Amino acid sequence: MRLYRRSRADRWSSLFGQVAVYSFVVTAITGVFLLFYYKPSMSQVTYHGSYRKLDGVQMSQAYRSTLDISFDVRGGLLMRQMHHWAALLFIAAVCAHLLRLYFTGGFRRPRWLNWLIWVTLLVLGMVAGVSGTILPDDLLSGGSLSVLDGVTLSVPVIGTHLMLWIFGGDFPGHVVIARAYWLHVAVLPAVMVALFALLRRRGRPVITPVSVVMFWFTCATLALLGAFAQVNPVWLFGPYQPGSISAGSVPGWYLGFLDGALRIMPGWEISVFGHPLSLAVLVPGVLVPGAFFTVLAAAAANDQIAYHLRLPLFAVTWFFRVAVLTAPVLAFVVTERMCLGLARRERDEAEHGRETGRIVMSPDGGYHEIREPVPAPSTPVAPAGSQRGLEGSSRGS
C-alpha cells in the first residue's frame, strides 16, 4: 500500500514513455559496444572467418566486421540482437505513448510541445532504424538502399540531386555506408538526447520504485530476447550484390506500411513538362507518409484550427479522435467501391462492348450509342509438336 501511495503519479499508461526512454538507453549502451568492432567501409575484402559457408567470398569490410561481431567477438551476437530488439521496442513504445497522449488530450495546450517532441522522436527513431539496417551491407540492407534510391529519385525537380548527394554518385556508390554510419551513431542520437532532455526539463519526472523496477524489467526483457529470439541473421542473406535481393526481405514492422504501399501501388507514370513523374513511388513513398506525419503533428494545433476556422474547440478535438479510427475504415470502403466499380465496368464492356461516344438515331426515332467490341486477348499458338502431342493424348484417353 505504501508503494502504491509513493507511485500514484505512475499511471499504467505513462509506462509507455518510460519504456521508450529505457529502450533508448539500452540501444545507446549496446551501440557503444558495437562501435569498437564495426568498420563502416565498402572496400572489398575476402572473407576467411568462422562462418565457413562464406569462406572465400568477396564482401565489404562492413559486412565482414558484422560477421566477425556475430561469430568471433565474445558477446557480440548478444549485443547485436539486443541492439536490434531495443530499437524495435523503442518505436513500439513511442507509438503507444503517442496513442496515450492522443486519447487523453495530451496534444492540447499547454502540453502541445511534448506532443510534437514525441512525434519528432518517432520520425527520428524510424530514420535511425533504416540507417541501422543499411550498415551491415548484406542483401537485406541492399534492398533498403534500393527503396531509398527509388523514393529519392521520385521527388520532383530535386530528386536526382538528392540521390547524388546521398550516394555520392551513381547507385550504390562507395560512401553511403560511411554516411549512414555517422548519421546513425552521431547525428540522430545527439538530436534524440536533446529532445529527451527537453522533455525532462518540461516534465521534471521523479524517480519512483515503479520506474526503477520498470527499467530493470525492460533490460531483462531485451536481454532475454537478444539471447533466445533470433533477429536479423545477416549471415543467411549474404553480402550485398547490386541488382540482387534476398527472398523474403521485409523492412522493420514500423515501415511495413511503406513497403506494402510500394508493392501494391500500380505502376503509374506521367509526364510533366517533358519530365517523367513516377506516381508508383512518389505517392506511397513520399506523399502518403508526409501527409500522415503532417496530420499527426497538426493535431497539436487544434486550438489554432478552431480559432481560424471559427469552430468549437471540442468539435475539432473529437474530429481528430474519431477520424483516427474511422479514416482507415472509410478508406477501405472507398477503395472497395472503386474496385467493384472497375470490375463492373470491365464486365459490362466484355458483354456489350466499349463505349465510343457516337450517338445515332434509329429508324423509329430513338437514340442509342454505338459500341465497339472489346478485342479478345491474344492466345499463343502452340508449336506443332506440342499440338500433335495434345491430339495424341486426347485419342489415347
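A: Where α6 meets α7

In α6, the residues Leu145, Leu148, Asp149, Thr152 and Leu153 meet Gly159, Thr160, Leu162, Met163, Ile166 and Phe167 of α7, where contact means heavy atoms within 4.5 Å. Sorted by class, this contact has seven nonpolar, three polar and one charged residues; Ala, Val, Leu, Ile, Met, Phe, Trp, Tyr, Cys and Pro count as nonpolar, Asp, Glu, Lys and Arg as charged, and the others, including Gly, as polar. Please keep in mind that this is a predicted model, in which local features need pLDDT of at least 70 and side-chain atom pairs count only at pLDDT 80 or more, while totals for chains, interfaces and linings use all residues. Residues are numbered from 1 along each chain as its sequence is written, and side-chain values use heavy atoms, with hydrogens and water left out.

Helix α6 covers residues 139-153 and helix α7 residues 159-167; helices (H or I, at least four residues) and strands (E, at least two) are DSSP runs, numbered from the N terminus. Two packed helices are described by the angle and the distance between their axes. Here the axes come within 7 Å and cross at roughly 145°, with axes being lines fitted to C-alpha atoms, for helices over the stretch in contact, and angles running from 0 to 180 degrees between N-to-C directions.

Now look around α7 itself. Gly159, Met163 and Phe167 are buried there (under 20% relative accessible area, with exposed meaning over 50% and partly exposed in between, for a 1.4 Å probe and protein chains only). These three cover an arc of only 50° around the axis, so they sit on the same side of α7; the arc is that of the directions from the helix axis to the C-beta atoms. An α-helix has 3.6 residues a turn, so residues three or four places apart point the same way. His161 and Trp165, on the other side of α7, are exposed. Gly168 follows α7 and has a positive phi, near 70°.

Helix α4 (residues 76-103) has 28 residues and spans 41 Å from its first C-alpha to its last. That is close to the 40 Å expected at 1.5 Å a residue, a figure found as 1.5 Å times one less than the number of residues.

Elsewhere, Thr30 lies in helix α2 (residues 15-35) and is buried at a relative accessible area of 3%. Leaving out residues up to four places away in sequence, Thr30 touches Met79, Met82 and His83. Tyr51, in the loop between β1 (44-46) and β2 (58-60), is also buried, at 15%. Tyr51 and Trp235 are 184 residues apart along the chain, yet their C-alpha atoms are separated by 8.0 Å.

Finally, the charged pairs: the count comes to two salt bridges, each a side-chain nitrogen of Lys or Arg within 4 Å of a carboxyl oxygen of Asp or Glu. Arg52 pairs with Asp55, the closest N and O atoms being 3.6 Å apart; Arg52 is exposed at 55%, whereas Asp55 is partly exposed at 32%. Arg64 pairs with Asp68, with the closest N and O atoms 4.0 Å apart. Because Arg64 and Asp68 are four residues apart in helix α3 (residues 61-71), about one helical turn separates them.
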